[in-house]
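Please look at the structure on the screen before we discuss it together.

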Amino acid sequence: MTASSSPSANAASTATDRYQPLALEERWQALWKEKRLYETQDPKPGQRAFYALSMFPYPSGTLHMGHVRNYVITDVIARVQRMRGDAVLHPMGWDAFGLPAENAAIERQIEPGVWTDSNIAQMRGQLGRLGLSIDWNRELATCHSDYYRWTQWLFLEMHAGGLAYQKDATVNWDPVDQTVLANEQVDADGRSWRSGALVEKRDLRQWFLRITEYADALLDDLDQLQGWPERVRTMQANWIGRSIGAEIDFQVEGHPGTSITVFTTRPDTLFGVSYLVLAPEHALVDQLTTSDERISVTAFRDLMAELSQEERTSDDQPKRGVPTGAVAINPANGESIPIWIADYVLADYGTGAVMGVPAHDVRDFSFARQHELPVQRVIEVSGTNEHVNDGEAWTGPGTLIHSAGFSGLTNDEAKTAITNHGSENGWARAKRQYRLRDWLISRQRYWGCPIPIIHCDDCGAVPVPRDQLPVELPTGIDLNGAGGSPLARVDDWVNVSCPKCGKPARRETDTMDTFMCSSWYYLRFADPHNQDLPFDASAVNRWLPVQQYVGGIEHAILHLLYARFFTKALNDRELLKTKEPFERLLTQGMVQGTTYRNPRTGRYVSPAAVKDESNPLDPDDGGPLEVLFEKMSKSKHNGVDPAAVIDRYGADTARMFILFKAPPEKDLEWDDADVEGQFRFLQRLWRLVDAEVNHDAASSATGESDSDMRRAVHQAIKAVGEDLSGDFQFNTAISELMKLSNALSSGLAQASTGVRQEAMSALVRLLAPFAPHLAEEFWQRLGGEDSVHLQPWPDHDPEALIMDSIEVVIQVKGKVRGSMSVAVDCSKDELERLALASDVAQRWLEGKPPRRVIVVPGKLVNLVPSA
C-alpha cells in the first residue's frame, strides 16, 4: 500500500487513540454519495453481471432489526461480488400499496399517498445510516403512477394472452378490512393474513389470473432451483399439490342426466366404494336432498358455515356428516350407494365430492365406522386374509379381490386398467388435479393499482388503451372504510366513454392485489427509467435472473410463487428470456429479543418495568415472569431500535453483530453484551491500524516471522473467501477475521515491511464488506489508493500455506506428555530418533530403552516403556 493524494485520502482522520464511529461513518457516507460510488455500471465485455436483491419493504416508517439483518446480508454479498470483479446491480424500492396505509390514512384523515411518501423518506434516511451499497438512482415505489402504469400495462398483456379474466365466484371476504382475499391469504384457521378476522364466504364478480395454467411448470421447474432452501421448494410443491388419478362419474338414481363427478388417486379401489360424500356447499345438495332429510341437512350446513377449514378437516376431530337421502350408482358394478354430506369434504378442493372407500382410506374408515356404513375390502396382501383389523384401514399396495374381471391385478396395474375401462364406457377419464387455484386479484379498497378495464353494456369488458395509461387513482375522496370500493363512489372518475364504441361506460372499481406490484418489481430495477415500456428486453436479459435474493420464509408461497408465475407468463409473451426470476434464495432467520411474559395472564411486560433481571417479577401482581426469546415486536415490548444501537456504537458495529451472532438462516437472539463485544473488536482493529500507521519503517524487523505471518494471512483469505461463497457463513468469516487480528497483533512487529503491507492490505479488504466505513478509513490511513470498495478481493497464495515445520505429539503409554517441532517432511526413523532424544523421553523412560515405539508421521510418537 502506498501513500495517496486522492480527496478520499485527505478526508481520512488523523491518527488518534479513539474510535469515534458516528462522525467517521457520516463523513464516508457523504463522500460515497458525492463520488456516486455505488451507481450501477453495465457489464463490460467478459464481465459477469451479478444481481443482488433484498425483498423490498413495506414503508411502515420504522426500520426494525429484521430489516437491518435482511439488507446487511445482501449488502455484504453485493460488496464481495463487486470486489471479485462482477458488475453488480444492488437496488432498493418500496412495496407501498396496501391496507395498512389506507387504514392509517382513514385514522389520520390524510391522503394515503402523503402518509406513504413521508414513511418512505423516513425509512430511506434510516437505511442510509447502515452504509448500504445501494444504487438509489434506481429507487421505485409501487404506489407511484410511474410504476403502476406498467403494472397496468402488464395486466393488459396478461389479458391479451387470455391469462386475466373475470367471473362470478365464491370468495373469501374479510369483514374487518372489507375486501376479498386470495386463498393464499387465509390461514389454516380460516382467518385473514392481515386483520386476523374470521373470513366469510361471499359470491362476487372478481378478476383472476390463470396461474393454474402454469401449475406443471411451476412444480417441475422447482428441480432447477438448487440454490433455494429445500424447505421453500417443498412448501411450494405442497401448495401446488399435483395429484395424478382419474375423474369418475356416478349417476344419481331418480335424477336422469344428473351425475356426481369425483376425483380419486385410487381408481383401483372403485369396487370398494360404499358411499359418496359431497361438500355441504356443493351445488347439487339442494337438488338431491329428500324432504325427509331436508331439516337435518340444512342444520348441518348452517353449522359448517360457522367453522374454519382447519376445524372441519382436523385429523383429531370425529368425522361428522348427514345423509341427503339420495342414492348414486357405482359405475363399476351397478350397486346403489348412499349420498352424504360431511365436514371433511371441501367445495373448493377437487370436485367437492369424494367416493368413500372405508376399507382402504383412514378417513373414510373412521367416517364409515361412526355412521355404520358398509366396509368392503378389495385389496389383499399375499399371506393374509383380513386388512381392516382393530379399527384400521389398509392403505398399502396389494392384489385386487372382489373386483370382477380386475381381480388378481396389482393395485398399480388396476389403476390404469379400471381407468381405461371407464374411459371406453364413458364414465372415467385420466386426470391430473391441483391444489392450486387461479389467483384472485380483485380488492375492494382504494389504495391499490386500478384495474385498467372499462365496462360497456354493449362491448363488455374493454381494456383501457395502453397510450391512456396510467389510470391514476383520484385524490381527495372519502375513505370511510365502509363496504365496497371507495372508488365506486367517485362518479366523475367511474363514468367514462367506452374506448371501443364511445358510449357511456364505467371504469372497473376493484384495485389489484398488492402482490401484483411485487410480482415483477425485480424486472423494473433492470431498466427503471424506461418511459416507453415496463422494461427493455436487452436490459432484463442482461441482469436476470437475480443471482442472490434475500428475504423472509413467510414469503415462500405468496410472493415467490406469484413472481415465478409472472416470469414464466412474460417469457411466453416473449418479453424476456429467463423462466425463473431468482437463481439463489437465502431466507434469513428472525431477530429475537429478551421477552418477559406473565404465565398466569399471558400478558407481556416491558423490560423497563422489570427491576431485577435475575429475579423478574410482574409489577402488577408481583408474581414471577417467564423469560423467553421471541421475535421482536411492539406487542411484546422486546424490540430494539436500530437507531439507538447506531447512535451508541455505530453502523459498523451493528452490522458486525447482526452477521456474527448466528448463521444467516437461523434465528438470532439479541444480546447487548455481544454487541459490546463487536464494538471492542473494532476498537482493537483501530489500535492495530493506528500502531501500523505510526510504525517506523526504518526499524522493521529482519523478517524472521514472515512465513508464519503470511501463512496466517493467506489462511484467513482462503477461509473467508470460502465462507462468502455458496452457502454464506458470515459468522465464521468474522471469526476468521478475529483470528487474523490476533495473529497480526502478536506477530506483525517481527515481520518485514513488505509482509506487513501485504497483511494489512488483506485485513482491510477482508473487513470491507462487513464494516465498510471503518475499512475505508483504514485503507486511506494506510495509504491505499482510491476506495477500498473498488479494490480487488484478495486471492490466497497456496504456497504461503505450506508449513516448514509442524508440532508432533509425544505420548508415553498412550498419554500425551509433550510435543516437539519437526520438519514437515521428517521421516519415520527421524521422528523416532528425535522423540527418544527429547527431554520427555528422558524423564518418563528413566534412561531405559522403550519396549516399543509407535510412530504416526505428521501426528505423534507413542513410547511404550519396558515392563
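I shall speak about the nonpolar core, then a sheet, and then salt bridges.

First, a note on the source: this is a predicted model, in which local features need pLDDT of at least 70 and side-chain atom pairs count only at pLDDT 80 or more, while totals for chains, interfaces and linings use all residues. Residues are numbered from 1 along each chain as its sequence is written, and side-chain values use heavy atoms, with hydrogens and water left out.

Let us begin with the core. A nonpolar core is a set of buried Ala, Val, Leu, Ile, Met, Phe, Trp, Tyr and Cys residues joined through side-chain atoms within 4.5 Å. Buried means under 20% relative accessible area, exposed over 50%, and partly exposed in between, with a 1.4 Å probe and protein chains only. Which residues touch the most other members of the largest nonpolar core? They are Trp439, Tyr522 and Phe566, in a core of 182 residues. Helix α3 (residues 65-83) gives the largest share of this core, ten residues. Helices here are DSSP runs of H or I with at least four residues, strands are runs of E with at least two, and both are numbered from the N terminus. Another core, of 33 residues, lies apart from the largest one and includes Leu276 and Val322.

Now the sheet. Four strands form an open sheet in the order β2-β1-β24-β25, with parallel pairing; two strands pair if DSSP finds at least two bridges between them. Strand β24 (residues 548-551) is joined to β25 by three bridges, and tyrosine 549 stands opposite leucine 585.

Finally, salt bridges. A salt bridge is a side-chain nitrogen of Lys or Arg within 4 Å of a carboxyl oxygen of Asp or Glu, and the whole structure holds 44 of them. One of them joins glutamate 777 and arginine 27, at 2.6 Å from N to O. Because glutamate 777 lies in helix α25 and arginine 27 in helix α2, the pair ties together parts that are 750 residues apart in sequence. Glutamate 777 is buried at 0% relative accessible area, whereas arginine 27 is partly exposed at 27%.
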